[in-house]
Amino acid sequence: AVPLEIATLLRRAPGTTGQVEVTLNLEIPATPEPVRGPITATFGVVPSDQQAQSGAAMTSGRRVIETPAQGGAFQSTFAVPLAPGAYHLRVAVADAAGALGAVTTDLDATLPTLGLFTASDLLVAWVDTQGQPRLMALDELPAGATGVRADLELYPPASGVSLDNVQVELSITRAGDSDPLDDRIVTPRDDKGTWRVAAEFPADTMTPGRYTLRARVMVGDDVVGSAIATFTRR
């Protein structure tokens, strides 16, 4: 009875060796029959090989989402640290009238590999009118966004690659176009062993449609891997 959309993004968990941080975004869209706030949202994550066992160890969380001041969609984000591996994820919500919604899905909490690197997902954020980036995993760019920011974290091996020899091409392309709307060559910044790259693209150049953000990692003259993310501008 309550429509629910979820999406996940992966990165290395800060300050915790060997763990992955899963950013769980959830959204309850505006509907012809408005959902009654506040919303109570809960999630549970259990290893796939334990999901049929009673008493299996579960990572879980709960949050109350207040009614948005300007109306529209309810949104919230959970940061969930997990050991790498395969999981079963369930998210459930209840509105103030007791109407329910739920999504159940498999979750692969394994960081992608780009050549010699392990890496985060390509992290996408929309930029608000104050210039602040807000991480998004869901598909639609908010109407008030002034820009789109792409971030990628590279986790280099102990040896075999030098920061001076690495560049990342970040580009944005509208669906159906062969040439990028905009692209940048970015040199990673070393932040305590995590190599970070970022670029912001202005939203006023984006007509309605679907877009692909792409990060191509180059070591010297060789492209060793790429990551993509998509979003829609209404």
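How many nonpolar, polar and charged residues does the lining of the largest cavity have, by class? The legend to View 1 gives the answer, after a short note on the model.

This is a predicted model, in which local features need pLDDT of at least 70 and side-chain atom pairs count only at pLDDT 80 or more, while totals for chains, interfaces and linings use all residues. Residues are numbered from 1 along each chain as its sequence is written, and side-chain values use heavy atoms, with hydrogens and water left out.

View 1. A search of the whole structure finds 1 cavity of 30 Å³ or more, and the volume of the largest cavity is about 30 Å³. A cavity is a set of points on a 1 Å grid over the protein atoms alone where a 1.4 Å probe fits but cannot get out, and lining residues have an atom within 4 Å of a point. Grid points are joined across faces, edges and corners, and a volume is the space filled by probe spheres set on the points. You will find Val22, Leu24, Phe43, Val45, Val80, Leu82, Leu89 and Leu107 around the largest cavity as its lining. Two or more of these residues come from each of β2 (20-28), β3 (39-47) and β5 (74-82); strands are DSSP runs (E, at least two residues), numbered from the N terminus. By class, the lining has 8 nonpolar, no polar and no charged residues. Here Ala, Val, Leu, Ile, Met, Phe, Trp, Tyr, Cys and Pro count as nonpolar, Asp, Glu, Lys and Arg as charged, and the others, Gly among them, as polar.

**View 2. The largest pocket.** The space in the largest pocket is about 640 Å³. A pocket is an open set of grid points with protein on both sides within 12 Å along at least five of seven lines. Its lining counts 25 residues, and Glu27, Ala73, Gln75, Glu140 and Pro142 lie nearest the centre. At least two lining residues come from each of β2, β5 and β11 (133-136). By class, 13 of the lining residues are nonpolar, 7 polar and 5 charged.

**View 3. Asn25 in strand β2.** Look for Asn25 in β2; with a relative accessible area of 6%, Asn25 is buried. Buried means under 20% relative accessible area, exposed over 50%, and partly exposed in between (1.4 Å probe, protein chains only). The side chains of Asn25 and Thr77 make a polar contact at 3.2 Å. Such a contact is a pair of N or O atoms within 3.5 Å; within protein, one must be able to donate a hydrogen and the other to accept it, and residues adjacent in sequence count only if both atoms are side-chain atoms.

**View 4. The largest nonpolar core.** This core has 32 residues, of which Leu122, Leu152, Leu154, Leu170, Leu213 and Phe231 touch the most other members. A nonpolar core is a set of buried Ala, Val, Leu, Ile, Met, Phe, Trp, Tyr and Cys residues joined through side-chain atoms within 4.5 Å. With 5 residues, β17 gives the most to this core. Another core, of 27 residues, lies apart from it and includes Leu4, Leu10, Val20 and Leu24.

**View 5. Two loop prolines.** Pro29 is in the loop between β2 and β3, and Pro157 is in the loop between β12 and β13. Pro29 is partly exposed at 23% relative accessibility, and Pro157 is partly exposed at 30% relative accessible area.

Terms used
Helices (H or I, at least four residues) and strands (E, at least two) are DSSP runs, numbered from the N terminus.
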